[in-house]
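User: I am new to this structure and would like to understand the terms used to describe it. Please set each value against its definition.

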Amino acid sequence: MVVLRLLLLFSSLACISSAVAVELENIRVDTLFSYQYDTSSNESLALLGIIQPEWDLQLTEQLSARLSGRLILEQQDRLDPGEPNLNNYDGATRPHIINERASIEALDVYLELALPDGLLRLGKQQIVWGELDGLKVLDALNPQSFEEFILADFDVSRISLWSAYLDYSVAGWRIEAALSADTTTHYLPPEDAFYALTAPRYRLGLSGPSPLPQTYSGSEDNRGTAGLRISRYVGGFDVQLVALSADDFEPLGRFAQTPAGPVIEIYHERRELYGLAAAGSVGKFAFRGEISFTPDKWFNTNTGTDLDVLQLDQWRGAIGIDYAAPWDIFVNVQYLRDEVQNAPDELVRPQVDEIVTVFVRKQFLYETLTAEVRYYTSLRYDDALTRGRVSYALSDHATVSLVYDGFSGNELGPFGQFAERDRVGMTLEYTF
C-alpha cells in the first residue's frame with residue numbers, strides 16, 4: 001500500500017508539474033552503505049544499504065511540496081532479524097516490508113503553503129519541538145524507533161506522522177499548532193533483536209523472557225494528537241510554552257483472558273503534557289533548558305502476582321550547556337532528571353531517573369576530518385554508553401566514518417542492559 005501511495009503521489013505531482021511548468025527546486029539522492037561487527041561474539045552484525053531520495057518542488061509562488069522516502073536493502077541483519085512486527089504503526093504510516101531483506105518507507109510527503117506571516121504544512125512529516133541533544137523532554141509529537149536503541153540520530157529514528165502543522169507569527173509572538181489522527185507509537189524491537197530491551201523496567205517489571213504470549217490492542221481512547229507551542233524572545237532568550245494532548249507512545253501491559261488462554265495485552269492510554277523551554281547564548285556559552293509536567297500519567301505496577309496500572313504525576317527537566325572551548329573544540333554537557341511523584345514500591349520504572357551526557361567534537365585538516373565522542377551515564381544505575389566516531393570527507397559528496405558503541409554497567413540500567421552488545425562499524429555516505 002505504501003509503494004502504491006508513493007507511485008500515485010509521484011505521478012500526480014509529475015502531472016501537475018507538466019501542466020503548470022513547475023520549476024524543479026532540488027532533487028538529491030542520499031545513499032549509505034553500512035557494515036557492523038559485534039565485538040562481544042566476534043561475528044558480523046549487519047551489512048546493509050540505504051537509498052533515500054528527496055525531491056523538492058515549487059508548484060506555485062506560494063505552494064511547494066517535498067517527497068522523500070527510504071529503501072533499505074539488507075545482505076545481513078542481526079539487529080532485527082526476520083520480518084518486524086509493525087503493530088505499533090498506523091496503517092497509513094507503516095513501512096512496506098518487501099521481504100526479510102528489503103523494506104520501503106515514505107519519510108516526508110507533504111505540501112507547504114507560504115502564508116503572509118508563516119506557513120501551513122499538510123502531510124507526512126516530523127515536527128520537532130525539543131531543544132536538547134540526544135535527550136527528549138518536549139520533543140513529544142513524533143514517536144521513535146528503538147531498533148538501534150538510541151544510537152541512531154533522532155532525525156533517522158523519529159517516525160514521521162501524517163499531520164497538519166501551522167507556524168504563524170503575530171505581534172512578536174510565534175504560534176505553532178499541530179494536529180494528527182495518526183495512531184503510530186514507539187517501535188520496540190522484539191525479544192530476538194540485538195537491542196531488545198531486557199531491563200525489567202522496560203518489560204512490565206518482568207525479568208527474562210515473557211512468561212505469556214503478548215497481544216497488541218493499540219490505544220484505549222484514540223482522539224489523535226493536538227499540540228500548541230507559543231514562543232517569544234525575552235532578554236535574548238527564546239522562551240517557549242508547550243501544551244500537548246495525545247496517546248502516550250510508551251506501552252502499558254495487563255493480563256487478559258482469551259479463548260487460547262491467558263496473554264499479556266499491550267495497549268496505550270492518553271496523556272496531557274505541559275512544558276516550558278528557553279534557549280540563548282552568553283559569550284562562548286549557549287544554554288538550553290526544558291521542563292515538562294504530565295499530570296495523571298498512566299504507569300504499570302507489578303506486585304509479583306498481579307500487573308496493574310495507576311495514575312501519577314510526572315516531572316521531567318533538563319539543562320544543556322554548549323561551550324566553544326580552546327583549540328576549536330566543541331563541548332556539550334547535559335543533565336536530565338525524570339521523577340514520578342508519590343510512586344509506590346511496586347512501580348515498574350524507578351521513581352527517579354538521572355541522566356548525564358557529554359559530547360565533544362573536534363575538526364582537523366580544514367574540517368575534512370571530524371572526531372567526536374558521546375558519553376551517556378545513568379546516575380541511578382552507574383551504567384554508561386560511550387560512542388566514538390571519526391569521519392573523513394572524501395569529497396563534497398562522499399564521507400566515510402568509523403564508529404564504536406560500547407556499553408557498561410548494571411544490567412538493570414538503561415545502558416547496562418546492553419553490556420554484551422558492543423559493536424564497531426564503518427559507513428560510506430554518498431550524495432548524488
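User: How many salt bridges does a search of the whole structure find, and what makes a pair a salt bridge?

Analyst: The search of the whole structure finds 29 salt bridges. The term requires a side-chain nitrogen of Lys or Arg within 4 Å of a carboxyl oxygen of Asp or Glu. This is a predicted model, in which local features need pLDDT of at least 70 and side-chain atom pairs count only at pLDDT 80 or more, while totals for chains, interfaces and linings use all residues. Residues are numbered from 1 along each chain as its sequence is written, and side-chain values use heavy atoms, with hydrogens and water left out.

User: Why is the pair of Asp 353 and Arg 201 called a salt bridge?

Analyst: The closest N and O atoms of Asp 353 and Arg 201 are 2.4 Å apart, and the limit is 4 Å; the pair therefore qualifies as a salt bridge. Asp 353 lies in strand β18 (residues 352–364) and Arg 201 in the loop between β8 and β9, so parts 152 residues apart in sequence are tied together. Strands are DSSP runs of E with at least two residues, and helices are runs of H or I with at least four, numbered from the N terminus.

User: What makes Asp 353 count as buried?

Analyst: Buried means under 20% relative accessible area, exposed over 50%, and partly exposed in between, with a 1.4 Å probe and protein chains only. Asp 353 has 7% relative accessibility, so Asp 353 counts as buried. Arg 201 is also buried, because its relative accessible area is 15%. Salt bridges that share partners join Arg 201, Arg 316, Asp 338, Arg 349 and Asp 353 into one network.

User: Are Arg 28 and Asp 30 buried, exposed or partly exposed?

Analyst: Arg 28 has 31% relative accessibility and therefore counts as partly exposed. Asp 30 has 22%, so Asp 30 counts as partly exposed. These two residues form a salt bridge, with the closest N and O atoms 2.7 Å apart.

User: How many aromatic pairs are counted, and how do you know how the rings of Phe 149 and Phe 415 are arranged?

Analyst: The count comes to 13 aromatic pairs. Rings of Phe, Tyr and Trp (its six-membered ring) pair if their centres lie within 6.5 Å; planes under 30 degrees apart count as stacked, over 60 as edge-to-face and the rest as tilted. The centres of the Phe 149 and Phe 415 rings are 6.1 Å apart and their planes are at 75 degrees, so this pair is edge-to-face. Phe 149 lies in the loop between β6 (118–125) and α2 (154–157), and Phe 415 in the loop between β21 (398–408) and β22 (423–431), so the pair ties together parts 266 residues apart in sequence. Both residues, Phe 149 and Phe 415, are buried.

User: Which residues form the aromatic cluster?

Analyst: One aromatic cluster is formed by Phe 149, Phe 194, Tyr 195, Tyr 376, Phe 407, Phe 415 and Phe 418.

User: Is Asp 382 buried or exposed?

Analyst: Asp 382 has 64% relative accessibility and therefore counts as exposed. Asp 382 also has a positive phi of about 55 degrees, and its place is in the loop between β19 (369–378) and β20 (383–393).
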